[in-house]
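Trainee: I would like to learn how to read features of a model like this one. Please take them one at a time.

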Amino acid sequence: MTSELIKKYENLLPKKIIGEAMELIPKGAKKADVEKIMKILVDEYNYALVDPGECVGLIAAESLGEPSTQMTLNTFHLAGVAEMNVTMGLPRIIEILDGRKTISTPMMEIYIKEEFRNEKKVRGIAEQIKERTLKEIISDISINLAEIQLEISLNEKKMKQFNVERTVVLKNIEKAVKTYEVKEKGEVIILKPKSKDEDLNILYLLREKLKNLYVTGIKGLKQVLPVKRDEEYLIITAGTNLKEVLSRDFTDTTRTVSNDSFEIADVLGIEAARQAIINEIYKVIEGQGLNIDIRHVMLVSDTMCTSGQIRGITRFGVVSEKPSVLARASFETPIKHIVNASLINERDELNSVIENVMLNQPVPTGTGLPKLGIKLD
Amino acid sequence: MSTEIYLNSKIIGSVDNATDFIDRFKEDRRKGKVSTDINIQYKEKENGIYLYSSKGRVARPLIVVKDGKSLITQKHIEQLEKKEIGFSDLILQGAIEYLDAGEEENALVAFTEDVLTKEHTHLEISPLGITGLVTSLVPFGNYNAPTRLNAGSKNQKQAIGFYASNYPVRIDMDVSMLHYPQIPLVQTLTNPISEYEKHPSGQNVVLAILSFDGYNMEDAIIVNKGTIDRGLARSSYYRLESVSELRYQGGLTDEISIPDKEVRGYRTEEDYRFLEEDGIISPESKVDEGDVIIGRTSPPRFLSSMDELNLGQTQRRESSSVVMHGEGGTVDFVLITENEEGNKLVQVRLRDQKIPEIGDKFTSRHGQKGVIGMIVPSEDMPFTASGITPDILFNPHGIPSRMTVSHLIELVGGKTAALSGRYIDGTTFNSEKEDDLRKELSSLGFRENGTETFYNGRTGEMFNAKIFVGNMYYLKLKHMVSNKMHSRARGPIQLLTRQPTEGRAKEGGLRLGEMEKDTFIAHGASLLLKDRFDADKTIVPICENCGQIAVHDEYKNRDFCPMCEDSTVSNVEMAYAFKLFLDEMKSMGVLPKLELKDKY
């Protein structure tokens, strides 16, 4: 009875509000009361809606821009946080909004499934997923000047600790160096150049390269740090590899995140990336003790993601996709845009705000939006 | 191991016993065998001795200490007092020597004589030496945070005072003279050293730390109208107008004279009324904006062959010196001379009396600067039980966050000075003790903490709190509103963009910038925004056929397009800056076309 009454308003209100109304209005309420409540709900909902012609984008820009000017002053106070150094504050916001492909401090928060969630197991997992390189499992790597060859002796103890098989190491080395002959001589692995005229210099370079050869763990996770947050153990990593981490059986795939929005877009899709951008920006804003309505951030993130891939708010990103020549020219490198527009005989329809400001015509928002029409008979 | 010796960073030899060498060197320098300008430093890490004699090093004098005893003895002091010897004699005797930054690294300098030990090598002449000249003028400076001392000295540098006693014959631009300068009641050692009494820059006022109707919020001060009428912080402001007779090619020159009426750009006759026969204004004339100070005509700017043939006489240009917008004053001094090239140069000094007004900037000597927020008639000012009305009311909120303790002590000291009739010594590190000042104040019949009972000037009611009041040295700073105030409704525009000019001197507009524009858009005030930007609007005839700017023939009163025959031309309203932008695009080889559409 009550629910039917509420359902009548389905066209007027969003699903979420209808759902909440269903839950909160008691079943036996009087018909008149229910209608009264719903009427107020509709009124309030309509009042909360943004008016047509409201410059949401510009307001979002002002809302984000004003506090970020204050952040420039605060940035340095946060320097030198122990354990892990994370880019925060204005540099981080700029990084996200510019849509940088490589971010300065990639990080992951790996949540663990309940059955693995105790201190000892989490520590074990952390050890296991950390990227290990060759230099961590060897006791010595040296150049034999007489024979012109590299000699690697492995550290059996370390190998056992990281659970690495000798054969795996050999395979990895072989894969990395195609022009060298890999031999085993007792405990020592010997790398000899296949061609005769390799000089020592290249051998030196190879040695440095081999030191950082991936051996085991998850590639990209340079540092791992098991932490306890709200009575729950999770792993924070420096470096990301979302795809690999999500495929492991101990990961709680519903909550594990990376702070690299491009990686999220690759692995989980653009919708997830959109949410990731919102979360990342909001994290910085909250971290600075500021308060910006999340809808401004959502709008920015939407703008960045509508094309199906992440585009930064730069002259190469979203700005380059503006349809108006004048609007593009008004934002950095004007000559480039004007010349290119002239080459293809581009037409500016003067539909948006900035072009009309340039011509000193009324901008099509607010009071400039309504037009007077006269019916001629 | 031998130690290498470097002279001005160049190796000159080595020595086996480094300490012995250095000691001998210093000994010789003090005896005068080596120049006192050479400094020696031993660098332990490098095991090297560095000698410096180059110019540009910063060196400072210190008293030499031997075996824990200062080489300046009581005898020296007596001789100094009798003026039998001077500072340079002490240097010659080796009692005082100059150390540079390098040699200072090897020295152990005692701050005061009573802390001297056997290890000390030098003694500060005065602990005041750690501050600079102006900073040492801050009384009781050792009670303050260093940042405040800096602020205090920065402010003092901007004070208006008696900067030079030959000011009537000087030609200085943009200077002020304080009318009744006074010597501070609370002084420091630097006051006599710098002969401060010969060029003081402030006045002693009665200051109460008290708020009043909120008009001294945010560092503002409230000033007693009576005090201003009696001449407090009155000053003269001097400006210069300078004009020379330039020579041009072809034997043509400027001419300083009253311009003829035929001259191009002739102003009204009234504007030239102050000029004497020689074209220069007479002293003591009161001028206002737009009045001509020095009349001058120049030859025409471009001499075309046509002009030479025509008429025989070419029209000269008016190029007089005029009182700028918003300026004014009295002609103080006229100087007729020659410049470096031997051309006639006329300089006219304008004087303007500046009476303190709301917005003028003042400061104490403790970095407590502020602007006049209100001028209160003296009958409305709060008064003390003895009937004294303070000259200035200072807001108590200025004190806690800045922690300028010296400000408070100066107030007590100033009060004691005023009552006892002697100057108080407030030298940093060597000042009279605060306790002694309090005791003296108490013996003079006042509350020892400087507070007094105050009464509301308007109602006569007694204030519940005791108000801290005392005498303090206050400085008027050179930033005065009358030199900065500016507004504009309509006015001059730039030639190129037809937008309003920028800056006070050019009577410019206050720019509605990009971010301000954004707020208009955000509010949806689209038509208001257009109205604000209409400053450079123009009507441009556009050819509907080719989209180019057409031509308006005023004579035939018709519009036509020079490129298309018989095309319709419509008038379009746009920003002149946009028309300019279209022209600029054409100049870079891009042809913009406007497609016209009926508005309705």
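Mentor: Start with B:Phe429, which sits in the loop between β27 (424–425) and α10 of chain B. The model is a predicted one.

Trainee: Which loop holds B:Glu507, and what is its phi?

Mentor: B:Glu507 lies in the loop between β30 (467–476) and α11 (514–522) of chain B. Its phi is near 55°, again a positive value in a residue other than glycine. With a relative accessible area of 22%, B:Glu507 is partly exposed.

Trainee: Next, helix packing. How are two packed helices described?

Mentor: By the angle between their axes and the distance between the axes. In chain B, take helix α9 (residues 405–420) and helix α10 (residues 434–443): their axes cross at roughly 45° and come within 9 Å. α9(B) and α10(B) are therefore oblique to each other. The crossing of α9(B) past α10(B) is left-handed.

Trainee: Which residues of α9(B) and α10(B) meet?

Mentor: From α9(B) there are B:Ile409, B:Val412, B:Gly413, B:Lys415, B:Thr416, B:Leu419 and B:Ser420.

Trainee: At what angle do α5 and α13 of chain A pack?

Mentor: Helix α5 (residues 89–98) and helix α13 (residues 270–287) of chain A pack at about 165°, and their axes are 9 Å apart. That angle makes α5(A) roughly antiparallel to α13(A), because angles over 145 degrees fall in that class. The crossing of α5(A) past α13(A) is left-handed. On the α5(A) side the contact is made by A:Gly89, A:Arg92, A:Ile93, A:Ile96 and A:Leu97. On the α13(A) side it is made by A:Ile277, A:Glu280, A:Ile281, A:Val284 and A:Ile285. These residues divide into seven nonpolar, one polar and two charged.

Trainee: Now single residues and their surroundings. Where does B:Val243 lie, and what is it in contact with?

Mentor: B:Val243 lies in strand β14 (residues 235–244) of chain B. Its relative accessible area is 4%, so B:Val243 is buried. Leaving aside neighbours within four places in sequence, B:Val243 is in contact with B:Ile256, B:Ile294, B:Arg296, B:Ser321, B:Lys344, B:Leu345 and B:Val346.

Trainee: How far apart are the C-alpha atoms of B:Thr389 and B:Leu528?

Mentor: They are separated by 51 Å, and the two residues are 139 residues apart along the chain. B:Thr389 itself is in the loop between β25 (383–384) and β26 (392–394) of chain B. It counts as partly exposed, at 27% relative accessibility. Setting aside residues up to four places away in sequence, B:Thr389 touches B:Asn224, B:Ser378, B:Met381, B:Pro382 and B:Phe383.

Trainee: What does A:Thr365 touch?

Mentor: Residues up to four places away in sequence are not counted here. In chain A, A:Thr365 touches A:Gly53, A:Cys55 and A:Val353, and in chain B it touches B:Ile521, B:Gly524 and B:Ser526. A:Thr365 is in the segment after α17 (353–359) of chain A. It counts as buried, because its relative accessibility is 8%.

Trainee: Last, the domains. How is chain B divided?

Mentor: Chain B is divided into domain 1 (3–125), domain 2 (141–234 + 358–476), domain 3 (236–354) and domain 4 (490–600). Taken over C-alpha atoms, the centres of domain 2 and domain 3 of chain B are 45 Å apart. Their contact takes 14 residues from domain 2 and eleven residues from domain 3 of chain B.

Trainee: And how is chain A divided?

Mentor: Into domain 1 (2–48), domain 2 (50–105 + 259–321), domain 3 (132–216) and domain 4 (322–368). The centres of domain 3 and domain 4 of chain A are separated by 60 Å, again over C-alpha atoms.

Key: Residues are numbered from 1 along each chain as its sequence is written. Chains are lettered from A and ligands numbered from 1 in the order in which they are written. This is a predicted model: local features need pLDDT of at least 70, side-chain atom pairs count only at pLDDT 80 or more; totals for chains, interfaces and linings use all residues. Side-chain values use heavy atoms; hydrogens and water are left out. Helices (H or I, at least four residues) and strands (E, at least two) are DSSP runs, numbered from the N terminus. Buried means under 20% relative accessible area, exposed over 50%, partly exposed in between (1.4 Å probe, protein chains only). Contact means heavy atoms within 4.5 Å. Axes are lines fitted to C-alpha atoms, for helices over the stretch in contact, and angles run from 0 to 180 degrees between N-to-C directions. Angles under 35 degrees count as roughly parallel, over 145 as roughly antiparallel, 65 to 115 as roughly perpendicular and the rest as oblique. A crossing is left-handed if the near helix is turned anticlockwise from the far one by less than a right angle, and right-handed if clockwise. Ala, Val, Leu, Ile, Met, Phe, Trp, Tyr, Cys and Pro count as nonpolar, Asp, Glu, Lys and Arg as charged, and the others, Gly among them, as polar. Domain bounds come from an automatic or database domain assignment.
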